[in-house]
Amino acid sequence: MTSVYTKFPYLLRRLLRAAVAILIAWAITHYFTLNSGAWLMLTAIITSQPIRHAPLKQSVILFFIIMLAMLFGYGLMLVSLPYQVALFIFLGLFTIYLIFIYRLLTKKHIFYLSCFLFMMLLATVLPMWFATSIDNMLLAVIIGAVIGTLCHRWIFPSKLADAFRYDLLPILHALATYADTIIQGFKQSGTDDITVLPTVGSRLSDQYKIETILQRHYPEWVYEIGFNPGLRGGFRFFLIHLEYVIDLFFALDNQRQRADAAIYRDMSPLFATVMEKNKELLLVLINFFEKNVLSEINDANSDFTDDMQKLEQALREMTAGNLELLNISDTYLALTAMFRDIKDIRQLLLQLVAAL
C-alpha cells in the first residue's frame with residue numbers, strides 16, 4: 001500500500017504535526033508579542049493530536065478541557081492557596097483518577113482526562129503562567145485551538161480508509177501465519193513424519209501474537225460516536241466478521257488438540273486442504289489491503305464447495321457407524337466441532353472477499 005501511512009508511521013506523523021503547530025504558535029507569539037505564549041503553544045500541541053474519528057469534534061472538546069483547566073488554575077491563584085495545599089489537591093485528584101476512574105474509562109476518555117490533569121498540574125506548579133490577565137489567556141487558548149485544529153486537518157491528515165488498511169494488515173498477516181501452523185498440524189496428524197509437527201510453543205506464540213496485535217492495532221475508533229457515517233457501516237461489517245474469524249481460528253485449533261489424531265488420520269489431509277483454501281482467501285484480503293488490487297483465486301473454476309463437500313462426506317462416513325460414540329468420545333465431538341468451525345471460517349472469508 002503506497003500512502004503516507006507506509007512512509008510515515010502514525011506516531012511520527014503526530015510528532016511532525018505537533019512540531020509544525022509549535023513552530024506556528026511560536027512565530028505568532030514572537031511577532032505579535034503575546035503575553036500568554038505558553039498557553040498558545042500548549043493548546044496548539046494538544047488540539048493537533050485528536051484521535052482519528054470525528055477530529056473536529058475532539059478538537060472542540062480538547063479546547064473546552066483546556067479552558068476549564070485554565071479557569072481552575074486561575075481560581076487557585078485568586079484564592080491564594082499555599083503551594084503545598086494546591087499540590088495536595090492535585091495529588092488527591094490524581095490518586096482518585098488512578099484508583100477509581102482509570103480502569104472504567106475508554107482510551108478516548110483517558111486521553112481527555114489526562115489532558116485535564118496535566119493542565120491542572122501546570123496550574124499548580126507554574127503559577128507564573130497566570131500572571132497575565134484572563135483576557136490574554138483566553139485569546140491565546142483560542143488562537144492555539146485554531147492552529148492545532150488546522151494542523152490536524154492539513155498536516156498529514158487522517159485518511160480513514162488508509163488508516164483502516166494500516167491497522168488491519170498486521171492482524172491479517174498474523175492470521176495467515178496462524179493458518180500455516182494449523183495446516184501443518186493437520187498434515188502432521190496424517191503422517192508419521194515428525195518433522196512437520198508444529199510445536200506447542202509455536203501454537204501459543206501465534207495465539208499470543210494475534211492477541212498482542214489486536215491490542216495494538218485493532219481500530220477501535222471505528223466504533224466511536226461521531227465516526228464518519230458513510231464509512232461506518234462497511235468498516236464495522238468487516239471488523240465484526242474478522243472478529244468471528246479469529247474466534248473460530250482459536251476454537252478450531254483447540255478442538256484439533258482435543259481430537260485423537262490416530263482416529264481421524266485419513267481425514268487430516270482433507271482438513272489441511274480446506275484450510276489451505278481458507279488461507280488463500282486470507283491472502284486475497286492481504287493483497288487487496290497492501291496493493292489495492294483484488295488478486296485472482298488460483299483455481300478460477302472452484303466454487304469453494306468441492307473441498308467442503310469431500311470433508312463433510314468423509315466425516316459422515318466415519319461417524320455413520322459410531323453415532324453412539326458421540327456421547328462418550330471427545331474425538332468425534334471434536335471432529336464435528338472442527339468441521340463446523342472450518343465451514344464457518346470459509347463462509348465468513350467469502351463474505352469479506354465479496355465485500356471488497
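Phe238 is buried, with a relative accessible area of 6%, where buried means under 20% relative accessible area, exposed over 50% and partly exposed in between (1.4 Å probe, protein chains only). The model is predicted, so local features need pLDDT of at least 70 and side-chain atom pairs count only at pLDDT 80 or more, while totals for chains, interfaces and linings use all residues. Residues are numbered from 1 along each chain as its sequence is written, and side-chain values use heavy atoms, with hydrogens and water left out.

The protein chain contains 13 helices and 0 strands; helices (H or I, at least four residues) and strands (E, at least two) are DSSP runs, numbered from the N terminus. From the N terminus on, the order of elements is α-α-α-α-α-α-α-α-α-α-α-α-α. Of the 356 residues of the protein chain, 45% count as buried. The protein chain exposes about 18,300 Å², of which carbon and sulfur atoms supply 64%; accessible areas come from the Shrake-Rupley method with a 1.4 Å probe, and for residues only the protein chains shown count as cover. Among contacts in the protein chain with a separation of 6 or more, 79% are between residues 24 or more positions apart, a contact being heavy atoms within 4.5 Å.

The largest nonpolar core has 62 residues, and those with the most contacts inside it are Phe186, Phe249, Tyr264, Phe271 and Met275. A nonpolar core is a set of buried Ala, Val, Leu, Ile, Met, Phe, Trp, Tyr and Cys residues joined through side-chain atoms within 4.5 Å. Two or more residues of this core come from each of helix 8 (160-189), helix 9 (200-217), helix 10 (229-258), helix 11 (268-291), helix 12 (306-320) and helix 13 (330-354). Helix 8 gives the largest share, 15 residues. Another core, of 25 residues, lies apart from it and includes Ala44, Phe63, Ala69 and Cys115.

Aromatic pairs were examined next. A pair of aromatic rings is described by the distance of the centres and the angle of the planes. Rings of Phe, Tyr and Trp (its six-membered ring) pair if their centres lie within 6.5 Å; planes under 30 degrees apart count as stacked, over 60 as edge-to-face and the rest as tilted. The structure holds 8 such aromatic pairs. In one of them, the ring centres of Phe164 and Phe238 are 6.2 Å apart and the planes stand at 80°, so the pair is edge-to-face. This pair links distant parts of the chain, with Phe164 in helix 8 and Phe238 in helix 10, 74 residues apart. Both Phe164 and Phe238 are buried. The rings of Phe238 and Phe289 also form an edge-to-face pair, because their centres are 5.3 Å apart and their planes are at 90°. Phe238 lies in helix 10 and Phe289 in helix 11, so this pair ties together parts that are 51 residues apart in sequence. Phe289 is buried, at a relative accessible area of 5%. Ring pairs link Phe164, Phe235, Phe238, Phe288 and Phe289 into a cluster.

Charged groups also sit over rings. The charged end of Arg165 is placed over the ring of Phe288, 5.2 Å from its centre; the criterion is that NZ of Lys or CZ of Arg is within 6 Å of the ring centre and within 35 degrees of the ring normal. Arg256 lies over the face of Phe186, at 5.8 Å from the ring centre.

The structure holds 5 salt bridges, each a side-chain nitrogen of Lys or Arg within 4 Å of a carboxyl oxygen of Asp or Glu. Asp180 and Lys279 meet through their side chains in a salt bridge (2.7 Å, N to O). This pair links distant parts of the chain, Asp180 in helix 8 and Lys279 in helix 11, 99 residues apart. Asp180 is partly exposed, with a relative accessible area of 31%. A salt bridge also joins the side chains of Arg256 and Asp253 (2.8 Å, N to O). These two residues are 3 residues apart in helix 10, and therefore separated by about one helical turn. Arg256 is buried at a relative accessible area of 7%, and Asp253 is buried at 0%. In helix 11, Glu280 and Lys277 are likewise 3 residues apart, about one helical turn. Their side chains meet in a salt bridge (3.6 Å, N to O), and both residues are buried.
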